[in-house]
Amino acid sequence: IGGGHDAFGREIAPLDLEALDAALTTMREHVDGIAVTAAFAVRNPSHERAAAARISPLTGLPVTLSSELTSRLDAPRRALTTLLNARLIPSIGRLIAAVERLMAELLIDAPLVVVRGDGALMAAAVARARPVETILSGPAASVVGAAHLSGLARAIVSDVGGTTTDVAILEDGRPRLAREGAMVGGHRTMVEAID
């Protein structure tokens with residue numbers, strides 16, 4: 001869609017709302033969510049926000065803005081991360097809803113939290129909006145659990161599952177993180193997750 005800002009956040013072209021409407025007309029029946037990303041949205045997110053304000057009422061679909069996921073530049077990686085997030089929203093929404101139903105059936109009155117890819121916890125509502133942050137949460141949970149159970153601050157942890165084996169490093173009682181972002185399908189994202 002036409003529009004955009006320069007590296008200083010100054011508008012270089014107005015957002016083309018007619019083109020946005022046309023694109024939404026052709027895609028809304030074929031997608032479960034929308035990713036909105038602009039090259040310099042971290043400098044000025046106004047076009048992303050304007051697009052989201054238009055997309056939501058016209059489609060009723062969840063919308064992910066790249067400027068809300070990260071404040072770092074590197075538009076291609078930010079776009080990939082935004083696309084992954086938009087794609088994961090329906091799946092994690094179904095999963096969280098199922099867990100909440102089960103908790104209600106079992107009369108469990110406790111907040112539902114989800115493990116992030118860096119081993120920290122987030123509220124279920126945050127996970128629904130930012131599911132991309134759950135990438136590599138399984139191995140991260142294993143490392144945090146291993147630290148707790150072993151009492152060790154430094155260790156190598158092997159998480160053997162049904163189809164994969166993940167090996168991670170525990171340093172100073174925390175999982176070592178991939179500073180450049182998690183790898184997904186051979187692509188580097190902007191998700192802070194376990195290395």
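Guide: A residue counts as buried at under 20% relative accessible area, as exposed at over 50%, and as partly exposed in between. The structure discussed here is a predicted model.

Visitor: Which residues of helix H2 are buried?

Guide: H2 is a helix of 14 residues, with 20 Å between its first and last C-alpha, close to the 20 Å expected. On its outward face, turned away from the buried side, Arg49, Ala53 and Pro57 are exposed. The buried residues of H2 are His47, Glu48, Ala51, Ala52, Ile55 and Thr59.

Visitor: In helix H1, which residues on the side away from the buried ones are exposed?

Guide: H1 spans residues 17–27, and Leu20, Ala23 and Leu24 are its buried residues. Seen down the axis, these fall within an arc of 100°, so they line one face of the helix. Among the elements that cover them are strand E3 and helix H2. On the other side of H1, the exposed residues are Glu18, Thr25 and Thr26.

Visitor: Which residue caps the N-terminal end of H1?

Guide: The cap is made by a side-chain oxygen, which lies 3.3 Å from the backbone nitrogen of Glu18. Glu18 itself is exposed. The capping residue is Asp16.

Visitor: Which strands stand at the edges of the sheet?

Guide: The sheet is open, with 3 strands in the order E7-E8-E9 and antiparallel pairing. An edge strand has a single partner strand, so one side of it is left without a neighbour in the sheet. The strands in that position are E7 (155–160) and E9 (174–175).

Visitor: Which residue in E9 stands opposite Glu171?

Guide: E8 covers residues 165–171 and runs antiparallel to E9, with 2 bridges joining the two strands. Opposite Glu171, the residue in E9 is Arg174.

Visitor: At about what angle does helix H6 run to E7?

Guide: H6 covers residues 137–150. This helix lies across E7, E8 and E9. Its angle to E7 is about 130°.

Visitor: Is Asp172 buried or exposed?

Guide: Asp172 is in the loop between E8 and E9. Its phi is positive, near 50°, in a residue other than glycine. Most residues other than glycine have a negative phi. With a relative accessible area of 70%, over the 50% cut-off, Asp172 is exposed.

Visitor: What is the relative accessible area of Leu136?

Guide: Leu136 is in the loop between helix H5 (124–129) and H6. Although not a glycine, Leu136 has a positive phi of about 65°. Leu136 is partly exposed, at a relative accessible area of 31%.

Visitor: Just after H2, which residue takes a positive phi?

Guide: The phi in question is about 70°. The residue that takes it just after H2 is Gly60.

Visitor: Leaving aside its neighbours within four places in sequence, which residues is Phe40 in contact with?

Guide: Phe40 is in the loop between E3 and H2. At 27% relative accessibility, Phe40 is partly exposed. Its C-alpha is separated by 25 Å from that of Leu58, 18 residues apart along the chain. With neighbours within four places left aside, Phe40 is in contact with His5, Asp6, Ala7, Leu73 and Arg78.

Note on methods. Residues numbered from 1 in each chain as written. Predicted model: local features only at pLDDT ≥ 70, side-chain atom pairs only at ≥ 80, totals over all residues. Heavy atoms only, no water. Pairing = 2+ DSSP bridges. Helix = DSSP H or I, 4+ residues; strand = E, 2+ residues; numbered from the N terminus. Contact = heavy atoms within 4.5 Å. Axes fitted to C-alpha atoms, helices over the stretch in contact; angles between N-to-C directions. Buried < 20%, exposed > 50% of the residue type's maximum accessible area, 1.4 Å probe, protein only. Arc of directions from axis to C-beta. Polar contact = N/O pair within 3.5 Å; in protein donor to acceptor, adjacent residues only side chain to side chain. Expected span 1.5 Å × (residues − 1).
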